[in-house]
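Trainee: I would like to learn how to read a structural model with care, one feature at a time. Could we work through an example together?

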Amino acid sequence: MKKDRAFSGVEGLFLLIQQCIAKDKRAQKTLYDHFSPALYAKIRRYVYDVNHAGEILNESFFKILTHIEKYAHSGSFEGWMHRITINTTMDFLRKKIKQDQIVKTEVKGQEISIPETSIAKLAYNELITLVHGLPDMQRSVFNLFVFDDFSHKEIAGLLGITENNSRWHLNDARRRLKEKIDALT
């Protein structure tokens with residue numbers, strides 16, 4: 001590895017992982033510096049408050065670094081870290097949602113879709129701003145379903161709700177977003 005601890009390619013990443021397993025603080029910092037921006041961006045899609053997002057990022061990296069030896073080198077290392085980050089974020093949201101007592105028991109009405117033409121008019125940052133305006137549960141379900149391609153069954157397991165609740169929250173998020181988009185256009 002270079003003196004600045006940068007890494008490149010599969011071999012460099014493998015070496016960096018090995019150094020992190022050996023508790024090399026400089027390697028851990030290199031890993032953090034390289035991957036934290038992408039993981040933080042993922043967290044921010046779910047959590048608007050920067051203080052909470054920072055806490056979740058730190059907790060995610062704590063879990064990554066304390067369990068890095070469990071990475072089986074099958075599949076993407078970045079994907080493994082993203083999964084840990086998503087699970088840590090969902091743990092935070094589950095606790096917050098339980099505190100807020102948000103519970104829906106039925107799916108009502110048809111699935112709401114947002115026309116592509118409406119979305120095309122929005123820049124990515126504007127869309128993320130609108131998503132951040134959703135209530136916690138709707139925002140979480142929307143992000144997991146739309147951006148992270150989770151099924152309703154997986155979402156239900158992560159958030160401790162039923163699959164029908166997941167569908168309801170997705171529908172409600174779409175309805176709210178459509179109303180906000182229509183108001184902008």
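**Reading the model, feature by feature**

Mentor: Let us start with D149, which is exposed, with a relative accessible area of 67%. Please keep in mind throughout that this is a predicted model.

Trainee: What is the phi of K23, and where is K23 found?

Mentor: K23 is not a glycine either, yet it has a positive phi of about 70 degrees, and its place is the loop between helix 1 and helix 2, just after helix 1. K23 counts as partly exposed, because its relative accessible area is 46%, which lies between the 20% and 50% limits.

Trainee: How many helices and how many strands does the protein have?

Mentor: There are nine helices and zero strands, and along the sequence the pattern reads α-α-α-α-α-α-α-α-α. Buried residues account for 43% of the 185 residues. Among contacts between residues at least 6 apart in sequence, 68% join residues at least 24 apart.

Trainee: How does one check the span of a helix such as helix 1, and which of its residues are buried?

Mentor: One compares an expected span with the distance between the end C-alpha atoms. Helix 1 covers residues 9-21, and at 1.5 Å a residue its 13 residues should span 18 Å, which agrees with end C-alpha atoms that are 18 Å apart. Its buried residues are G12, L13, L16, I17, Q19 and C20. Seen down the axis of helix 1, these buried residues fall within an arc of 160 degrees, so they line one face of the helix. The face turned away from that buried side carries the exposed residues V10 and E11.

Trainee: Which residues does L39 contact, leaving aside its neighbours within four places in sequence?

Mentor: L39 belongs to helix 2, residues 25-46, and it counts as buried because its relative accessibility is 0%, under the 20% limit. With those neighbours set aside, L39 is in contact with L57, F61, I64, M81, H82 and T85. For one of these, M81, the separation along the chain is 42 residues, while the C-alpha atoms of L39 and M81 are separated by 8.1 Å.

Trainee: How should I read a pair of aromatic rings, and how many aromatic pairs are there?

Mentor: The angle between the ring planes sorts the pairs, and an angle over 60 degrees counts as edge-to-face. The count here comes to six aromatic pairs. One of them joins Y71 and F77, which are edge-to-face, with 5.0 Å from centre to centre and 75 degrees between the planes. The rings of F142 and F147 have centres 6.1 Å apart and planes at 80 degrees, so this pair is edge-to-face as well.

Trainee: Are the residues of these two pairs buried or exposed?

Mentor: Y71 is buried, with a relative accessible area of 8%, and F77 is buried at 3%. F142 is buried at 6%, whereas F147 counts as partly exposed at 28% relative accessibility. Beyond the pairs, F35, Y71, F77 and W80 form one aromatic cluster.

Trainee: Which residue lies over the face of Y48?

Mentor: R44 does, at 5.5 Å from the ring centre.

Trainee: With which side chains do D148 and D136 make polar contacts?

Mentor: Here one looks at the partner and at the surroundings together. D148, found in the loop between helix 7 and helix 8, is buried, with a relative accessible area of 15%, and its side chain makes a polar contact with the side chain of K42 at 2.6 Å. Leaving aside neighbours within four places in sequence, D148 is in contact with K42, R45, Y46, I86 and N143. D136 lies in helix 7, residues 136-147, and is buried, with a relative accessible area of 11%; its side chain makes a polar contact with the side chain of R139 at 2.5 Å.

Terms used:
Residues are numbered from 1 along each chain as its sequence is written. Side-chain values use heavy atoms; hydrogens and water are left out. Rings of Phe, Tyr and Trp (its six-membered ring) pair if their centres lie within 6.5 Å; planes under 30 degrees apart count as stacked, over 60 as edge-to-face and the rest as tilted. Buried means under 20% relative accessible area, exposed over 50%, partly exposed in between (1.4 Å probe, protein chains only). A charge sits over a ring if NZ of Lys or CZ of Arg is within 6 Å of the ring centre and within 35 degrees of the ring normal. Helices (H or I, at least four residues) and strands (E, at least two) are DSSP runs, numbered from the N terminus. The expected span of a helix is 1.5 Å times one less than its number of residues. The arc is that of the directions from the helix axis to the C-beta atoms. A polar contact is a pair of N or O atoms within 3.5 Å; within protein, one must be able to donate a hydrogen and the other to accept it, and residues adjacent in sequence count only if both atoms are side-chain atoms. Contact means heavy atoms within 4.5 Å.
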